[in-house]
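Subject: Structure handover

Hello,

My notes on it follow below.

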Amino acid sequence: MNRNLITRVLGAAILVSVVAGAVVTFLKKRESDIVITYSTSDAKQLKGEISVALDSWIGYFPFRSPVFGTMMRDAGYRVKVVDDRADYPARMTMLRKGEVDFAVCTVDSYLLNGKDAGYPGIIVTVIDESKGGDAVVAWKDRVADLNQLSTAATLKIAYTPASPSEHLLKALAAHFNIDRLKRDRAAWSVEVNGAEDAYARLMKREVDAAALWEPYVTEAVGRPGIVKLIGSEDMEKLIVDILLVNRRFAREKGDLVKLFLKCYFETLGVYRAAERQLEDDIVRSVKLDAARVKYMLKGVRWISFAENAGWFGLQSTPAQGSPELIGSIMSTASILIESGDFRENPLPDRDPYTIVNSGFIADLEKSTSLNFAGGGVPGGSPSRKFTRLTEAQWNGLRVVGSLRLRPVSFRSGIESLDDAGREQVKLIAESIRHYPNYRILVKGHTGLRGDPAENVKLSQLRASSVGQELVAAWRIDPNRVHVRGMGASEPLPKETDESDRSYNNRLKRVEVLFVTGM
């Protein structure tokens, strides 16, 4: 994803910096405008050089920070930062050829761009998540909630291609079954060059909605008539940045991989203890005012050493299921398949473990002063506790959107889930885990035939079965879930040439909605 387009804000602004008192030199490597910078100009007493490819996304700043450069220099290694201006195919080629030792990117960009290069790196660290830095906003009189992205007669959406904005739209299309975003692209798509451009078009009402990142998210929602449909602060494990290491480098120079990681996490520890220093270092490096840097920092949450243990499954039990990183990779693969980027899982043997190595994090915990109790920038993502609501309070909540309607099946004539129904609830639960802040409304519906009172009763029981499965099997807070039996009171529109029998069967459904407001 093109994090370099975080507005023309960062772009070419990174030209000169000062690290540990030495001027950082930026050189053009080739005509593609790849830029190389060194952590220090002092080449004396060096054991060697370690290179990392990245771009100007603020989440990657620790790798180019004066703190990290100094730590690595004190250990005897110069850090060469290769800024490829978010040219991900070039980054993958450099990693495959060993022209760089490390590279950073998002999970989805690695799945998309790593395939042609044979997935040349293994994931050794989860760097950060977007937390509020990305959002979809819209004019409320045109699009009041995510459902209207499907139902509005005409719609134009501005977004930056090959960016977190595009992946956010792909995720919403998959999870909320917004068919319009998956097909007929020419009818709704307005491709722009960065969030500033998308914001400007939204303000001019040239588009009805826009996928933005900070600081334009905050600027947009401060305007009368603009509503935030969804933001990454209400998501988990959708926009995730990772650190890759060249496979051969990992095999042959494992100690240097651990040194690189140790200095990185210690850098996070320094900035955790001195957040003002982080802001000041970024301001000096990218030549931006402090207010804009604060905006940007609002949108990123660095994953600590302790949290990496959870992401890699080092503190989990088999009963807890796959590690978080594996789940994120598989979920991302599903989104890309549904979006038409791939026909099937593109990973070698369709196995996410082929691109992951938890051993370096595990070894680091045993061999250094770092431990799983700390070592990162403020963060943590504790599960939200939901209070119990009255029926009147549930009625007052705002609908965010309906999850993809899945054919939850029951045993004939009764309310109990069958095996196929439980599998569908599992898929619903997998989508729910990406949106931890919303309450869940489960609505049961029946066909038009039969006694209305009995239909309401049956639909209530079936909605309850789904709600209970979410709570019992998937450990969702019971205070977060509310069920309603609607009977036949909310029929779907009948499709052209649809038979009465087919239509009546389609009406028998269980709908899962996200709601918010309390």
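Five of the five residues of strand E12 (residues 209-213) are buried, so the strand is largely enclosed by the rest of the structure. Buried means under 20% relative accessible area, exposed over 50%, and partly exposed in between, with a 1.4 Å probe and protein chains only. Helices (H or I, at least four residues) and strands (E, at least two) are DSSP runs, numbered from the N terminus.

Before going on, the ground rules. This is a predicted model with residues numbered from 1 along each chain as its sequence is written. Local features need pLDDT of at least 70, side-chain atom pairs count only at pLDDT 80 or more, totals for chains, interfaces and linings use all residues, and side-chain values use heavy atoms, with hydrogens and water left out.

Back to E12. In a regular strand the side chains alternate between the two faces of the sheet. Ala209, Ala211 and Trp213 point one way from E12. Ala210 and Leu212 point the other way. All of them are buried.

Which strands pair with E12? Strand E9 (residues 134-139) runs antiparallel to E12 and is joined to it by five bridges. Strand E10 (residues 157-159) runs parallel to E12, with two bridges. Two strands count as paired if DSSP finds at least two bridges between them. Ala209 in E12 has Ala138 opposite. Ile157 also stands opposite Ala209.

E9 also pairs with strand E13 (226-231). That pairing is antiparallel, over five bridges. Val136 stands opposite Ile230 in E13. Five of the six residues of E13 are buried, so E13 too is largely enclosed by the rest of the structure.

A cis peptide bond joins Glu214 and Pro215, with omega about 10°. Pro215 is in the loop between E12 and helix H10 (216-221).

Arg85 is not a glycine, yet has a positive phi of about 55°. Arg85 sits in the loop between strand E6 (77-83) and helix H3 (88-97). Its relative accessible area is 19%, so Arg85 counts as buried.

Lys237 is not a glycine either, and has a positive phi of about 60°. Its place is the loop between E13 and strand E14 (240-246). Lys237 is buried because its relative accessible area is 11%.

**Charges over rings**

What does the charged end of Lys237 sit over? The ring of Trp311, 5.2 Å from its centre. Arg205 lies over the face of Trp139, at 4.2 Å from the ring centre. A charge sits over a ring if NZ of Lys or CZ of Arg is within 6 Å of the ring centre and within 35 degrees of the ring normal.

**Aromatic pairs**

A search of the whole structure finds 15 aromatic pairs. Rings of Phe, Tyr and Trp (its six-membered ring) pair if their centres lie within 6.5 Å. Planes under 30 degrees apart count as stacked, over 60 as edge-to-face, and the rest as tilted.

Phe68 and Phe260 form an edge-to-face pair, 5.1 Å centre to centre and 85° between the planes. The pair links distant parts of the chain, 192 residues apart. Phe68 is in helix H2 (residues 66-74) and Phe260 in helix H12 (residues 254-273). Both are buried.

Tyr435 and Phe514 form a tilted pair, 5.3 Å centre to centre and 50° between the planes. This pair also links distant parts of the chain, 79 residues apart. Tyr435 is in the loop between helix H19 (419-432) and E17, and Phe514 is in strand E19. Tyr435 counts as buried because its relative accessibility is 0%. Phe514 is buried, also with a relative accessible area of 0%.

Ring pairs also link Phe63, Phe68, Phe102, Phe249, Phe260, Tyr264, Phe265 and Phe305 into a cluster.

**Second largest pocket**

About 870 Å³ of space lies in the second largest pocket. Its lining has 30 residues, and Asn177, Leu405, Leu492, Arg506 and Glu511 lie nearest its centre. Helix H5 (148-151), helix H7 (179-182), strand E17 (439-445) and strand E19 (509-516) each give two or more residues to the lining. E19 gives the most, with four residues.

A pocket is an open set of points on a 1 Å grid over the protein atoms alone, where a 1.4 Å probe fits, with protein on both sides within 12 Å along at least five of seven lines. Lining residues have an atom within 4 Å of a point. Grid points are joined across faces, edges and corners, and the volume is the space filled by probe spheres set on the points.

Regards
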